[in-house]
Amino acid sequence: MPITSSISDISAWLALLRAPGLGPVGLRKLVAQHGSAEAALNAAKRDAQIAEITRAWLSKPDTATIESDLAWIDDPRHHLITVVDDDFPGLLRKGQNPPAALFIAGDATTLWSPQIAIVGSRSATNAGLSDARAFATAFVRAGNVVTSGMAEGIDGAAHEAALDAGGKTVAVLGTGPDVVYPRRHAKLAARILENGALVSEFPPGTAGRAEHFPRRNRIIAALSLGTLVIEAGLRSGSLITARLANEQGRDVFALPGSIHNAMARGCHKLIREGAKLVETPAEVLEELHATGALLADDLRRRLSQDVTPFIDLDASRNDDPDYVALMSALEADPVAVDELAERTGLSAAALSSMLLMLELDGVVAAENGRYARR
């Protein structure tokens, strides 16, 4: 279901998102300048500084296309979250050049869970695929979501292992949210829809293009606390993801390999350039422990306007009515974030950052994306 405020505003967002020549930067500026998508749409139709092809589309967008988009969003499993919505993922909002909106199929609250990206070669070796499965399994068992790009090779192995372990996974796409690429991953996409989220900044029906995938990689890097690269050639797209993660201040990890394995050379290059060499999932989780705490605190201050910022976690948690409500809602049996939202009246954004803090403090245990009192 749409999270944006009204049908007319959603239609305006869809028209802006599909306008040729209007990228995420221009779209965000337009909406910020005029206060809403509707106002931005009306102003852009008359703005001579906007490209003629863009104004022509905005003046008379294809009604059938917009209605088709609205029909897609009307499915309760589908969501449109724009950059001005409170539920837009906090880490992504903080990233460099965030998308103007996300089309999400599946559980949108998954994007507020702590995520670790696993990326690597499409032509991975059996050893690389085995490593991807082992790390993904360990990550979800520790309460994290595994995020990747649903490509063949390492990406697919990481998604499948996360699901097989009973965890959740996020697939960021270089196509529309309803277009499966590669086609052989149709069953995998269906599993992710039921136990995670398929995410795209491109509207439904958008085919994959070469220029889409660096934009997909930027989202993968921004959503995640850190990025692990498992097997990558020197010209691998995974190196782009690693670079984007590094530019956004996130940790980059790389598995070393044999000097005779061409698929290890990209990882060795990353290590020479400062990526952290890791051999076990525990090393990644240990490194991200402190990062997760800092990011969760920042998310809480920046995005959860109904929650009072804090400095002394132990002291203020006991006096914070939202924390009191959350602890009262938690039970010995694991509970999902959406159920906690119903019990407490708090947003998924606030709950996810609070739960991460409690988990890092040892107060809450996470199990397959669900939370319980220790």
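These notebook entries record what I looked up in a predicted model of one protein chain.

**Entry 1. Confidence**

I began with the predictor's scores. The mean pLDDT of the chain is 86, and 88% of the residues reach at least 70. I then noted that residues 1-5 have a pLDDT below 50, although this stretch makes 20 contacts in the model beyond near neighbours in sequence. For residues 302-316 the pLDDT likewise stays under 50, and I found 29 contacts there beyond four places in sequence.

**Entry 2. Strand S6**

How many of the five residues of strand S6 are buried? I found that five of the five, residues 196-200, are buried, so the strand is largely enclosed by the rest of the structure. I checked the two faces separately. On one side Gly 196, Leu 198 and Ser 200 are buried, and on the other Ala 197 and Val 199 are buried, so that both faces of S6 are covered.

**Entry 3. Neighbours of S6**

I next looked up the pairing of S6. Strand S2, residues 101-106, runs antiparallel to S6 and is joined to S6 by four bridges. In this pairing I located Ala 105 opposite Leu 198; Leu 198 is one of the buried residues noted above. Strand S5, residues 169-172, pairs with S6 in the parallel sense, also over four bridges. Here Thr 169 stands opposite Gly 196.

**Entry 4. A cis peptide bond**

Which residues does the cis peptide bond join? I found it between Tyr 181 and Pro 182, with omega at about 0°.

For Asn 97 the angle is about 50°. This residue lies in the loop between helix H6 (90-94) and S2, the strand that runs antiparallel to S6. For Met 150 the angle is about 55°, and its place is the loop between strand S4 (145-148) and helix H8 (154-164).

Is Met 150 buried or exposed? I read a relative accessibility of 1%, so Met 150 counts as buried. Asn 97, by contrast, is partly exposed, with a relative accessible area of 33%.

Definitions and conventions
Residues are numbered from 1 along each chain as its sequence is written. This is a predicted model: local features need pLDDT of at least 70, side-chain atom pairs count only at pLDDT 80 or more; totals for chains, interfaces and linings use all residues. Side-chain values use heavy atoms; hydrogens and water are left out. Buried means under 20% relative accessible area, exposed over 50%, partly exposed in between (1.4 Å probe, protein chains only). Helices (H or I, at least four residues) and strands (E, at least two) are DSSP runs, numbered from the N terminus. Two strands pair if DSSP finds at least two bridges between them. pLDDT is the predictor's confidence in each residue, from 0 to 100. Contact means heavy atoms within 4.5 Å.
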